[in-house]
Amino acid sequence: MQLLAEPIDIGTRSPTVLLNESDAAELGVHALERVQLRRDGRTTIAIVELTDELVSEGTLGVTRRLGHIEGEVEVSVAPQPDSVYYIRKKLDDIELEADELSQLVRDIYEERLADVELGAYVSATYTNGLSMEETMHLTESMADVGETITWEEPVIADKHSIGGVAGNRVTPILVPIVAAAGLKIPKTSSRAVTSAAGTADTMEVLCDVEFSVAEIRDIVGKTGGCLVWGGAVNLSPVDDRIIRAETPLSIDPKGQLIASVLSKKQSAGSTNVVVDIPYGEGAKVESLAEARELAKDFNRVGDHLGMAVECAITNGAAPVGRGVGPVLEAREVLATLAGGGPNDLRMKAVRLADLLFESVGVDADAAEILDSGRAEETFREILAAQNGDPDVEAADLSPGRHTVAVRAERDGVVTHVNNRLVNEVARRAGAPRDPGAGLELHRRLGEMAASGETLFTVHAESEDKLADAKALTERVETVRVRHPDEALVDRV
């Protein structure tokens, strides 16, 4: 069929065309199937969406992703990618072969899959999991696609947290500690998937986080480290597309998580990586046994890739620090580097940095580097190199002005602060998209609270989002307060 291609914007990232329903019926093609477009000897595959209003008969609506196609074009039905069959296999809990995973990764990279198909893949890995062999092959395939960074130095340090713990902004403290010790630590971080702020979201409050590979080399050459968003430099870009499908469901399947972390590290040229695995009630990993099993899997995949991976199993039963959300977390990063800040945040950063020093065989003391001010000095050098204000202070950063206080309904002690709910309340308030959104904990685990005292304050940049967050706090118990002698845990 010959159709006239015209540009149209329907807000999709995939290579999509819009067909009039009459033309689609004549072609025998349905929504989300594929067509082949031929023009001037070139062939392109596109995903089909149908309409009876936006384009007329005889016209083909071409999205920006296919903007090079204009004028008369020959349209025919295209075969379905093999990856769709592999996704169905995974939904049926059948293990995928190395070549099938490689093709799946390639199709995701070249955007041959519709959003619903990518969502089905994420659902399949969440429901049925990935074997160790699948995880190894997937990690290699993801690392092989996109850009890679190579370094002259034999040791390139790195750190990653699997997430799930509210306020766990250790990386912006650890990186300057490690860089100040003379190691290279080019840290590429992700944006939030299930939390209120990823490292990239927090750092973006203070400086730019999107740089090219050449710019990253320059920043690291000047300062010893960087804190950038990995998605901007096309390192394991398939990971970013999978994260985009995971985010609406707030899921992070174990095998996919390992592949996500280590493919990024492999692409960034890391040789020694410390992985933080928090566990506890409300965290991504709830039991110590599960945390240990995940750590072993990280070690096995790391060995397979030729990368030294050390896993730190940490207490994730409660948020780290008091602020949750990009601005609130950035303030505590600055305070900690200046010698103050929450003690639990400081101690965790120091211990993970010392573990990384031990891993690479460097005789350095993280606490001494932090206390001496060398880490803060290096951090401010990184801010300047990443187009931020090196003189910024915590007091310069203001959270959202719309607030609501959540108060204790009884006297007692805080026996639990639910990480998942803290993150959910902050996300309802607008985090991380709205940097000033989040919540501030006034009472933490083990602290006493009197009836009527504020347990936490929710911040938002809009009244509507604040109302949404407030409604959630009225339905759930984000911070649990119990009398110290109360034997009755709950009454149903």
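This is a predicted model: local features need pLDDT of at least 70, side-chain atom pairs count only at pLDDT 80 or more; totals for chains, interfaces and linings use all residues.
Helix H5 covers residues 132-144. At 1.5 Å a residue, its 13 residues should span 18 Å. Met132, Glu134, Thr135, Met136, Leu138, Thr139, Ser141, Met142 and Ala143 of H5 are buried. These buried residues pack against helices H2 (82-91), H3 (98-109) and H4 (115-128), and also against H9 (237-246), H10 (254-267) and H11 (288-305). Just after H5 comes glycine 146, with a positive phi of about 95°.

Helix H13 was examined in the same terms. Its 18 residues should span 26 Å at 1.5 Å a residue. Its end C-alpha atoms are 26 Å apart, which agrees. The buried residues of H13 include Arg346, Lys348 and Val350. Leu345, Ala349, Leu352, Ala353, Leu356, Phe357 and Val360 of H13 are buried too.

The crossing is right-handed. On the H6 side, the contact is made by Ile173, Leu174, Ile177 and Val178. On the H13 side, it is made by Leu345, Ala349, Leu352, Ala353, Leu356 and Phe357. The contact of H6 with H13 holds 10 nonpolar residues, no polar ones and no charged ones. An α-helix has 3.6 residues a turn, so residues three or four places apart point the same way.

Note on methods:
Residues are numbered from 1 along each chain as its sequence is written. Side-chain values use heavy atoms; hydrogens and water are left out. A crossing is left-handed if the near helix is turned anticlockwise from the far one by less than a right angle, and right-handed if clockwise. Helices (H or I, at least four residues) and strands (E, at least two) are DSSP runs, numbered from the N terminus. Contact means heavy atoms within 4.5 Å. Ala, Val, Leu, Ile, Met, Phe, Trp, Tyr, Cys and Pro count as nonpolar, Asp, Glu, Lys and Arg as charged, and the others, Gly among them, as polar. The expected span of a helix is 1.5 Å times one less than its number of residues. Buried means under 20% relative accessible area, exposed over 50%, partly exposed in between (1.4 Å probe, protein chains only).
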